Amino acid sequence: MTTLPAATPAQTIGPFYGCALPFDHGNELVPRGFPGAIRFHGTVTDGDGKPVPDALLEIWQADAHGNVAHTPGSLHRDSWTFTGFGRVATGDDGHFSFTTVEPGATDSGRAPFIAVTVFGRGLLNRLFTRAYVPGPSCDDEPVLTSLPAYRRRTLISERDAQGLRFDIRLQGDGETVFLRFPGQ
């Protein structure tokens with residue numbers, strides 16, 4: 001009878017491929033000055049509220065009309081094609097920033113959102129969350145209404161002078177709600 005070796009835990013996230021992850025203008029889903037451009041930004045903090053200086057965030061989103069891009073080449077930035085994908089690392093202060101457009105709802109009666117994935121040291125797996133655009137459509141959004149009221153607010157971005165602010169708390173009081181998808 002052959003005994004199989006014990007299972008080992010998953011590898012923690014990088015920076016194993018630091019030279020391959022960043023790409024030119026990865027934080028610009030649209031260039032600055034693009035009609036309707038906004039800043040989608042925030043800070044990633046740990047369970048003690050301290051900034052996480054080495055997280056990597058990816059976002060996916062619909063355009064302002066709720067259309068999801070199906071064009072290949074999302075890593076190529078040509079200053080006019082909206083691809084709906086961006087990637088950026090946090091700074092020493094835990095802050096991240098994207099230049100994008102405010103997304104439209106992809107389905108009638110649903111709230112528009114930006115899908116966010118967080119990679120970071122000590123995480124055995126990436127974390128998925130959503131940054132909903134604040135507004136009345138959030139009142140009936142099934143994902144939000146499935147949560148207790150005090151947890152919903154961690155998924156709704158805030159408007160500011162530059163666009164949308166979305167802070168991500170990895171643990172502790174005010175921890176951001178993270179989502180799980182089938183097969184993950």
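Author: V118 stands opposite L127 in β6, where a strand is a DSSP run of E, at least two residues long, and strands are numbered from the N terminus. This is a predicted model, in which local features need pLDDT of at least 70 and side-chain atom pairs count only at pLDDT 80 or more, while totals for chains, interfaces and linings use all residues. Residues are numbered from 1 along each chain as its sequence is written, and side-chain values use heavy atoms, with hydrogens and water left out.

Reader: How many bridges join β5 to strand β6?

Author: Two strands pair if DSSP finds at least two bridges between them. Here six bridges join β5 to β6 (residues 127-132), and the two run antiparallel. Strand β2 (residues 56-61) is likewise joined to β5 by six bridges in an antiparallel arrangement, with E58 standing opposite T117 in β5.

Reader: Why is strand β5 described as largely enclosed by the rest of the structure?

Author: A residue is buried under 20% relative accessible area, exposed over 50%, and partly exposed in between, using a 1.4 Å probe and protein chains only. In β5 (residues 113-119), six of the seven residues are buried, so the strand is largely enclosed by the rest of the structure.

Reader: Is D92 buried or exposed, and which residues does D92 touch?

Author: D92, found in the loop between β3 (85-89) and β4 (95-101), has 74% relative accessibility and therefore counts as exposed. Contact means heavy atoms within 4.5 Å; leaving aside residues up to four places away in sequence, D92 touches P51 and P53. The C-alpha atoms of D92 and P51 are separated by 7.6 Å, although these residues are 41 residues apart along the chain.

Definitions and conventions. Helices (H or I, at least four residues) and strands (E, at least two) are DSSP runs, numbered from the N terminus.
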